[in-house]
Amino acid sequence: VVIHRIVAALSKIATAEEVAETAVRETVTAFGAVAGALFVFEGEAFRILRAVGYPQALIERWTKRGTYEIVAMARAGKASFTHSRLSDSRWDAHELGDGAACMVPLNAGGRAFGIMTLSFDHVREFREEERETLMTLGAHCAQSLERALLFEAERRALAAAEAARRELEGVLEQLPVAAAVVRTDGRIFVNRQAAKIYGTDIRETDREHYPDPTTTLKHPDGRALVADEVPIVRALRGEVVSGKELVITPSKGEDRLVRVNAGPVRDDSGRIGAAVAVFADVTDEARMAKELRLLLDQLRDAVRVRDDFLSIAGHELRTPLAALSAQLVGLRVMQLDDEARAKKLAAAERQTRRLKSLVDQLLDVSRIVDGKLQLAREEIDLSALVREVVARLSEDFQRDGTPLDVSLSGPVLGRWDRLRVELVVTNLLTNALRYGQRRPVLLKVTGDEKLARVIVEDHGLGIRSEDQERIFERFVRAVESREFGGLGVGLWLARQIAVAHEGSLTVESEFNRGSRFLLALPR
Amino acid sequence: MKQLLFIDDDVDVRDAFADLLIFSGWEVVAAADGLEALAWLVEHAAPAVILLDLKMPRCDGYEFRSRQLEDPRLRAIPTVVFTADAQPEPSLLRGLGDVVLVRKSDEFSDLLQQIERVTR
C-alpha cells in the first residue's frame, strides 16, 4: 500500500527536484524516520536533491567529504542498513544521536543514479520485507528520476533551440533586407521587410497557412514557377541559390521584382533543419535602370537627330549657294546680251531668296526652341500675302510642270506676322510641289468673322495615317530625306507659327491620294 | 562637241551649271533624276561623262550608279559625283564604285578640271 501510494505520486512528477521531494517526504513519513535525503551522483561526487530533518552542518560535511564506504556500496547497487549508527563506524550522523539508518541505491536500467537515506531517532532492526520495500522504492524512484532527468535534458535542449531560434529571428528582424525562414517541421518565420513585400501581416505560421509560393512567385518574363524552382524549397533540399531574380505578386499592391539568395541551415550532424531566404526588393532599382537606359537612348537619338539636322541643313544651304555662285561665275566670265544677263541676275536673286528663307527658318527654329519667338503683328490682307507668295513660287511650279490652281475671294484682313505667315504658306506650297507628283495643287483662302483659312491641297504621295501627326514634329518627315530636299522642319515650324498666332495647322490625307493642309488663323 | 549628262533634281543648280558647262565647250543633256537619265541613256549613244547628284527623288545617285554598273554598255562612262553634302557617308560612298567626287561648294574651275581629267 505504501509503495503503491508513493509510486502513484512519483509517476505524476516531471522534475527531478519534485521526485526527490515526494520520495523523501513520503518515505520518511511511511517509515517513521526523523530525517531523510536523496542524492544523485554526478561523476565522482554527488548532489543533494532533497534533505529533510538533517542539520545544515551535517549536509555540508557530507557534500564536502564526498566519499563514504556506504556511498561506494550504493554506487555498486548495494543497500546498507544499521540498527544503531553509533555502533557502526561507517555512518556519520552523530548530530542526530543514536538510532537506526539505511541507505538504498536508486537503480534503474542496471545503473545507480544516486541514493536515498533514512535516519531514525531510535534503535531498531529492519525486517526483511522492509528492506525489500525500501529497495523497490529505490528502483521506482530511480525510474522516475531517470525520466525526469531525461525530460529536463530535453527541455533544456528545447529551450536552447528556442533561444537560438529567437536569436536568429531577432537578427533577421533587424536586417535591412527581407528574409524568411522555413523549418523542416513546416514552421515559417518572415521578417518585417518580407511581410511588407508580401503585403501581409503574417509573420509566424506554418506552411499550410502560408500563401503557396508557386502562386505568389513568377519569373521576370512572366513564366509561372514550379514548386521545385522556389528558392526556399531548393534550399531545404540543400542547394544554395544566389542572385535569383523573381517577381512577387503581393496580396495587395503592384508586383515587386526581388533578388533572392537562399541556403540551408544545418545542425551539428549536418542535417538540414531549416532554410533561409533573403530577398532584396529591386523593383525601383530595375525601374530606374530602365528609365536611365531609355533616357540614354533618347539622348543618343537627340544627338543623332541634331547631327542629321546639321548635315541636312548644310546640304540645303549649299545647294542654292552653289547655284548662286555658278550664276555669279557666269555673269563674270560669259559674254552675255542684256536679256541673258537679266535672266542670270533674276536666277541669282532667286537663289538669294532661297538662302534667306532657309536662314530665316533656321533662326526661327532656334528661337522657338529657346522660347523666344516674338510675332511682329501688323494689319495684313491674307489674300494679298498669298498672291505674293504664289507669284514668287509660280515659276518653280511651272518649271516642275505642276499646275497650281489659286482661289482667292477678296481681302481677308487680320493682324498677323507677315514674314512668318509667308513662311507657312511658302512651306505648304513647297511641300505640295515636292510631294504632289506633278498633279494639280489647289490653294484656297477663305475668311469668316472669326477665322481666316488657307487650304493647300495636293494629289500626290499623301501621308500614311500613322505618320500624320509625326510630320509636325521637328526633324521628322514621312519619306526618306535622301530623296527629298528640305530641312525637315517646315511643318513643325509652320505649326509653331500657327500656334503662336493662337491658330492651328492640321492635315487630312490619304496615302497615295494626296494631302490637304488647313491653316486657321484667328482674325 | 563632247556630250555631258547632268543628273540633278535641283533646277536652279542644273540651269546655273549647265550655262557654265556649255560656255566651257560641253554639250549638256539634263535629267532631273536617275530614272530620267536611264531612260535617256537607253535611247542615245553613251555621253563622254556623267555629272551625278546624289540626293534626288524617285531614283537617287546611289541607285543610278548601281544600275549603271550593272549595265555593261554604261559601266565604262566616266562619272563625276557632284554633291552638296560636306561629308557623304563613307559606307554609302563605297557603293558608288570608281567615281570622282566634287562638292558643289568647290570652285567651278575644280569641277571643270575633274571633268576634263576623267574624259582625257
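User: Which residue is the bridge partner of A:Ala180 in strand 12 of chain A?
Analyst: That partner is A:Ala277. Keep in mind that this is a predicted model.

User: How many bridges join strand 6 to strand 12 of chain A?
Analyst: Six, between residues 178-183 (strand 6) and residues 272-281 (strand 12) of chain A, and the two strands run antiparallel.

User: What sheet are they in, and what is the strand order?
Analyst: They belong to an open sheet of seven strands in chain A, ordered 8-7-6-12-11-10-9, with antiparallel pairing. Strand 8 (204-206) and strand 9 (217-218) of chain A are at the edges; each has a single partner strand, so one side of each has no neighbour in the sheet.

User: Which strands does helix 5 of chain A touch?
Analyst: Helix 5 (residues 128-174) packs on that sheet and touches strand 6, strand 7 (187-190), strand 8 and strand 12 of chain A. The helix direction makes about 160 degrees with that of strand 6 of chain A.

User: And helix 9, what does that touch in the sheet?
Analyst: Helix 9 of chain A touches strand 11 (256-266) and strand 12 of chain A, at about 135 degrees to the direction of strand 11.

User: Switching topic: how many strands are in the sheet ordered 2-1-5-4-3?
Analyst: Five, forming an open sheet in chain A with antiparallel pairing. From one strand to the next the twist averages 20 degrees.

User: What stands opposite A:Gly36?
Analyst: A:Leu118, in strand 5 of chain A. Strand 1 (residues 35-42) and strand 5 (residues 111-119) of chain A are joined by six bridges.

User: Which strands does helix 2 lie across?
Analyst: Helix 2 (residues 16-31) of chain A lies across strand 1, strand 2 and strand 5 of chain A, at about 55 degrees to strand 2. Helix 3 (residues 56-65) of chain A lies across strand 1 and strand 2 of chain A, at about 165 degrees to strand 2.

User: Now the two chains. How much area do chain A and chain B bury between them?
Analyst: About 2100 Å², with 57% of it on carbon and sulfur atoms. Chain A gives 24 residues to the contact and chain B gives 23 residues.

User: How many salt bridges cross the interface?
Analyst: Six are found between chain A and chain B. One of the salt bridges pairs A:Lys344 with B:Asp19, whose closest N and O atoms are 2.5 Å apart.

User: Which elements of chain A give two or more residues to that side?
Analyst: Helix 9 (283-333) and helix 10 (338-370) of chain A. Helix 9 of chain A supplies the largest share, twelve residues. The side of chain A that touches chain B divides into eight nonpolar, eight polar and eight charged residues.

Technical notes: Residues are numbered from 1 along each chain as its sequence is written. Chains are lettered from A and ligands numbered from 1 in the order in which they are written. This is a predicted model: local features need pLDDT of at least 70, side-chain atom pairs count only at pLDDT 80 or more; totals for chains, interfaces and linings use all residues. Side-chain values use heavy atoms; hydrogens and water are left out. Two strands pair if DSSP finds at least two bridges between them. Helices (H or I, at least four residues) and strands (E, at least two) are DSSP runs, numbered from the N terminus. Axes are lines fitted to C-alpha atoms, for helices over the stretch in contact, and angles run from 0 to 180 degrees between N-to-C directions. Contact means heavy atoms within 4.5 Å. Buried area is the accessible area (1.4 Å probe) that two parts lose on being put together, summed over both. A salt bridge is a side-chain nitrogen of Lys or Arg within 4 Å of a carboxyl oxygen of Asp or Glu. Ala, Val, Leu, Ile, Met, Phe, Trp, Tyr, Cys and Pro count as nonpolar, Asp, Glu, Lys and Arg as charged, and the others, Gly among them, as polar.
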